[in-house]
Amino acid sequence: MHANNFMTGGMGWGMGYGWIIGIVILIAIIWSITRGFKLKNNPTPTEIKTALEILKERYVRGEIDKEEFEKIKQNIFKISNKTIF
């Protein structure tokens, strides 16, 4: 038996370590798929509206009057001051 075949179990260098490459490729595929789902489900910063922006839009459209606008705005500021992220 040749010395090189004896040391690698007769399979050759590529066959002996080929499973490592397969695992690395499999991990890369799984990572790519899960990353794609995360990016698809997260809204972009331009899609995120704050409560105050939505309130202003409702006021401009005439859905609420100035008194209701001011009341809701005060509630938003009270809630945002209590919330610590």
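I started at Lys73, which comes out partly exposed at 21% relative accessibility (buried is under 20% relative accessible area, exposed over 50%, partly exposed in between, with a 1.4 Å probe and protein chains only). Salt bridges that share partners join Glu57, Arg58, Arg61 and Glu63 into one network (a salt bridge puts a side-chain nitrogen of Lys or Arg within 4 Å of a carboxyl oxygen of Asp or Glu).

Notes on the source: this is a predicted model, where local features need pLDDT of at least 70, side-chain atom pairs count only at pLDDT 80 or more, and totals for chains, interfaces and linings use all residues. Residues are numbered from 1 along each chain as its sequence is written, and side-chain values use heavy atoms, leaving out hydrogens and water.

Next I checked confidence (pLDDT, the predictor's score for each residue from 0 to 100). The chain's mean is 76, and 64% of its residues reach 70 or more. Helix 1 (residues 3-7) is lowest at a mean of 52, and helix 3 (residues 51-61) highest at 92 (helices are DSSP runs of H or I, at least four residues, numbered from the N terminus).

Then I looked up salt bridges, and the whole structure has five. Lys73 pairs with Glu70 at 3.6 Å, N to O. Glu70 also meets Lys66, at 3.7 Å. Lys66 and Glu70 sit four residues apart in helix 4, so about one helical turn separates them.

Last, I went to Glu63, in the loop between helix 3 and helix 4 (66-82). Arg61 forms a salt bridge with Glu63, closest N and O atoms 2.8 Å apart. Arg61 is exposed at 52%, while Glu63 is partly exposed at 45%.

Key: Helices (H or I, at least four residues) and strands (E, at least two) are DSSP runs, numbered from the N terminus.
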